[in-house]
Amino acid sequence: MRLALRGYRVCLMDADPQASLTTFFGYQPEIDFRKGGTLYDAIRYNDGDASRAPITDVLRKTYFPNLDLVPGGIMLSEFETETPMALSRGEQPVFFNRLRDSMCQVEDDYDIVLIDRSPQLGYLTMPAVCASTSLLMTIIPERVDLASASQFLTMASRVLEVLHSNGGIGAYDNFAYLLTRFDTAISTQQDLAEWIRQLLGDSVIASPFLKSSAVSEAGLSQKTIFEVDLAASKNRKTYDRALDSAIGFSNDIERMIQSAWGRGGKDET
């Protein structure tokens with residue numbers, strides 16, 4: 001939403017079967033897309049009379065200007081089970097190129113495409129990884145979450161090596177990390193955050209996304225922090241702080257995008 005407010009034409013792709021992103025835009029995936037209409041239709045394999053649909057058939061305008069959505073849904077989980085059979089019969093394009101191939105149909109219509117994927121390294125994740133020019137990984141500065149992130153990166157590095165050797169991916173413009181749900185009142189989180197920055201250097205986005213009750217309260221009313229009526233809020237300072245946090249890391253991401261394009265960032269207001 002921040003990038004859309006900045007004037008970019010943004011497309012969101014929900015590549016997660018749980019479809020939380022889709023739900024935030026007012027849909028009930030299990031009801032609204034029971035008979036199709038999700039990203040699955042654009043990357044699915046041929047099966048009798050059913051075949052892959054153009055991504056334009058499932059692309060939807062949202063209520064937010066400059067922001068379109070390709071919904072997710074439970075049918076995306078079928079892609080995981082169908083891929084081994086498709087590989088055995090040599091169906092093209094191969095699974096890790098199917099999303100990239102579909103995105104080519106709308107490449108000129110958007111400045112930025114953001115893909116929300118599930119946190120597993122399955123057949124559904126790899127098409128999103130291969131279609132992307134940058135990767136953003138969130139890290140919660142807690143010991144258990146950090147250990148989990150370390151294991152995930154170890155597995156991911158092996159998968160990326162295989163994809164690279166098979167022509168699935170090249171070099172990324174950015175592989176960045178965002179500290180999220182960061183509670184500045186907890187000293188151990190501050191210590192871990194500092195250690196993460198020392199370990200990963202400039203690849204860690206400068207502005208963390210703070211943990212805030214304002215974000216949770218907005219979510220309960222199916223809103224993001226950008227949609228809350230601050231004038232009517234009883235906790236104005238809390239919302240202002242959360243909004244400043246969201247704007248801060250969004251601006252950092254925008255600068256990364258502009259740098260990858262070989263440009264200077266827009267005036268950040």
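**Notes on the sheet, a helix pair and the salt bridges**

Glu-91 is buried, with a relative accessible area of 12%; here buried means under 20% relative accessible area, exposed over 50%, and partly exposed in between (1.4 Å probe, protein chains only). Before going on, some housekeeping. This is a predicted model, where local features need pLDDT of at least 70 and side-chain atom pairs count only at pLDDT 80 or more, while totals for chains, interfaces and linings use all residues. Residues are numbered from 1 along each chain as its sequence is written, and side-chain values use heavy atoms, with hydrogens and water left out.

1. **Glu-91 and its partners.** The side chain of Glu-91 meets that of Arg-89 in a salt bridge (2.9 Å, N to O). The term stands for a side-chain nitrogen of Lys or Arg within 4 Å of a carboxyl oxygen of Asp or Glu. Arg-89 is partly exposed, at a relative accessible area of 46%. The structure holds eight salt bridges.

2. Arg-255 forms a salt bridge with Asp-252, and the closest N and O atoms are 2.2 Å apart. Both residues sit in helix H11, three residues apart, so about one helical turn separates them. Helices (H or I, at least four residues) and strands (E, at least two) are DSSP runs, numbered from the N terminus. Asp-252 counts as buried at 8% relative accessibility, whereas Arg-255 is partly exposed at 37%. Back with Glu-91: salt bridges that share partners join Arg-89, Glu-91 and Arg-98 into one network.

3. Which residue does Arg-9 meet in a salt bridge? The partner is Asp-111, at 3.1 Å, N to O. This pair links distant parts of the chain, 102 residues apart: Arg-9 lies in the loop between helix H1 (2–5) and S1, and Asp-111 in the loop between helix H6 (98–103) and S4. Arg-9 is partly exposed, with a relative accessible area of 35%, and Asp-111 is partly exposed too, at 32%.

4. **The sheet.** Four strands make an open sheet, ordered S2-S3-S1-S4, with mixed pairing. Strand S2 (60–61) and S4 stand at the edges with a single partner strand each, so one side of each has no neighbour in the sheet. Two strands pair if DSSP finds at least two bridges between them.

5. **S1, buried or exposed?** Six of the six residues of S1 (residues 10–15) are buried, so the strand is largely enclosed by the rest of the structure. In a regular strand the side chains alternate between the two faces of the sheet. Both faces of S1 are covered, with Val-10, Leu-12 and Asp-14 buried on one side and Cys-11, Met-13 and Ala-15 buried on the other.

6. **H10 against H11.** Helix H10 (residues 213–220) packs on helix H11 (residues 236–260) at an angle of about 95 degrees, with the axes 8 Å apart. Axes are lines fitted to C-alpha atoms, for helices over the stretch in contact, and angles run from 0 to 180 degrees between N-to-C directions. That makes H10 roughly perpendicular to H11 (the term covers 65 to 115 degrees). Ser-213, Ala-214, Val-215, Glu-217 and Ala-218 of H10 make the contact with Thr-238, Tyr-239 and Ala-242 of H11, contact meaning heavy atoms within 4.5 Å.

Methods. Angles under 35 degrees count as roughly parallel, over 145 as roughly antiparallel, 65 to 115 as roughly perpendicular and the rest as oblique.
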